[in-house]
Amino acid sequence: MDQPLIRLEGVHKRFGDLEVLRGIDLEVRRSEVVVIIGPSGSGKSTMLRCINGLEPIQGGRIFIEGVDITSSKTDINQIRQKAGMVFQQFNLFPHKTAIENLTLSPMKVQGKSRSEAEQIARDLLDKVGLSEKADDYPGTLSGGQQQRVAIARALAMQPDMMLFDEVTSALDPELVADVLNVMKTLALEGMTMVVVTHEMGFAREVGSRLIFMDEGLVVEEGDPRVMIENPREERTQKFLGMVL
Amino acid sequence: MDQVIKYYFNTEILADTVPQLLRALVVVAEILFFALLFSFVGGLILALLRISRIRVFRWLAGIYIDLFRGLPLLLVLTYIYYGLALVGSEAGLDFLILDPIPAAVLAITLTYSAYSAEIFRAGIGSIPHGQMEAARSLGMTNTQSMRYIVLPQAIRVVVPPLTNELIAMIKDTALASVITVPEVLQKSREIMGRVANPTPLTAAAIAYLIFTLPLIRVASRLEKRFGKGTRPIGM
């Protein structure tokens, strides 16, 4: 296979005195679904945010499709169009309708015409099962609906990979399934995904690789089905014992 | 009671005063129109400089804002009208000699830009950081994120405090009387001197209240509507 879509080399990240990432190496290849688990404070969300250039790093390098995003010569806005990001708190634009949330960036950043952007947006809203909500404002949608719009918004930029940061953690339990189903569909279509989550069912069913992080390091990685049944490391066993 | 009516609500004098005050109100409206426009634009620019990533901009904007928030408007007015004119005539720099109304507009703009800068800054600061992050994650530049995502939401937040600022500005136009602007207070004092009766001041009070009272009502309604935690913006 060709070069990995995402490559992290010895990534270090500090918030003041607190070292959140202590040398992370990671490779994600095309069409892989990498699921990242770990206790809160393990650095898993921070790592995801680093991949999208939302957090500057203090050491190491991050490559997206072979381009070093930590280099000052790299246009980070260009890179971000390749990696769609979905947040725990949805972060939809409350002053824009669902479809406007989807069309804004394709029009302003990629220079698409309104009609082209709307065509893409309608197809995506249909895909996440919300075509009838196109003209509604986010405030009138349920959490699960908002998160599906947020996924569609990231997809509207036609990215090569998607980053999911605990996207179901802020949802009521009965709304989680709809969001996970959308993510499953994406995975089946071959989308490259990095998913930070506590949903072990999703990891088992959809994940092509499972990574357990703790205290800023990758402790263990492997096939999700094998690793969930037979974790090698003691810390992984302890963590899985608590969440399963 | 008769005395009160005679001195404060003298109908004859009122009838004589009102048409003259109406002309003064036009002057007030003129000053307000320009000062409001310029100080809101100036305030927005200052606020953006104040949160800029470029340190010198932050620093300069900070100094400007602190300076003009700390100075009495009356001093600024006097400085710009009399102070500049003095220098202008001594040094032969005619452009420094301003007419009273432009001088009033300039002084109010300079001062209120600093006030509205702080309001805009607070408004921008009240928009959750996630909004900026979401915009950036979609490939928008910092400027695009500000323009399409943060500012449109911040504007809604700052409408109530800006309305309050407008009310303060209306009242502060009375200060322009010290630089001979023929505004409401100046006119009414002039008439009072002529008729030896304070009723014109009553007329002036009514004139200000006609401007300010509706705005006070609007402001409190807006505050309720945009109040914290009532409901998300944009619904």
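**Ground rules**

I worked from a predicted model, in which local features need pLDDT of at least 70 and side-chain atom pairs count only at pLDDT 80 or more, while totals for chains, interfaces and linings use all residues. Residues are numbered from 1 along each chain as its sequence is written, chains are lettered from A and ligands numbered from 1 in the order in which they are written, and side-chain values use heavy atoms, with hydrogens and water left out.

**Entry 1: chain B overall**

I looked up the secondary structure of chain B and found nine helices and zero strands. The C-alpha trace of chain B spans about 70 × 55 × 25 Å along its principal axes. Of the 235 residues in chain B, 44% are buried. I use buried for under 20% relative accessible area, exposed for over 50%, and partly exposed for in between (1.4 Å probe, protein chains only). I also checked the contacts, meaning heavy atoms within 4.5 Å. Among those in chain B between residues at least 6 apart in sequence, 75% join residues at least 24 apart.

**Entry 2: where B touches A**

I then turned to the interface, where 20 residues of chain B are in contact with 25 residues of chain A. The buried area between the two chains is about 1900 Å², and carbon and sulfur atoms give 60% of that. Buried area is the accessible area (1.4 Å probe) that two parts lose on being put together, summed over both. On the chain B side, B:E133, B:S137 and B:L138 lose the most area to chain A, together 31% of what that side buries.

I found one salt bridge between chain B and chain A. The term requires a side-chain nitrogen of Lys or Arg within 4 Å of a carboxyl oxygen of Asp or Glu. The partners are A:R49 and B:E133, at 2.4 Å from N to O.

On chain B, α6 (129-137) and α7 (142-172) each supply at least two residues of the side that touches chain A. The largest share of that side, seven residues, comes from α6(B).

**Entry 3: the A:R49 end**

Where does A:R49 sit? It is among the buried residues of α1(A). Eight of the eight residues of this helix (residues 44-51) are buried, so it is largely enclosed by the rest of the structure. A:G53 follows α1(A) and has a positive phi, near 70°.

**Entry 4: aromatic pairs**

Rings of Phe, Tyr and Trp (its six-membered ring) pair if their centres lie within 6.5 Å; planes under 30 degrees apart count as stacked, over 60 as edge-to-face and the rest as tilted.

B:Y64 and B:F68 have ring centres 4.6 Å apart and planes at 35°, so the pair is tilted. Why are they about one helical turn apart? They are separated by about one helical turn because they are four residues apart in helix α3 (residues 55-70) of chain B. B:Y64 is partly exposed at 21% relative accessible area, whereas B:F68 is buried at 12%.

B:Y112 and B:Y115 have ring centres 5.0 Å apart and planes at 85°, so I log them as edge-to-face. They are three residues apart in α5 (residues 100-125) of chain B. B:Y112 is buried at 2%, and B:Y115 is partly exposed at 28%.

I also noted one aromatic cluster formed by B:F33, B:F34 and B:F38.

**Entry 5: loop residues**

A:E166 has a positive phi near 45° and is not a glycine. A:E166 lies in the loop between β7 (161-165) and α6 (173-188) of chain A and is buried at 12%.

B:A196 likewise has a positive phi, about 50°, without being a glycine. Is B:A196 buried or exposed? B:A196 is exposed, at 64% relative accessible area, in the loop between α8 (184-195) and α9 (199-226) of chain B.
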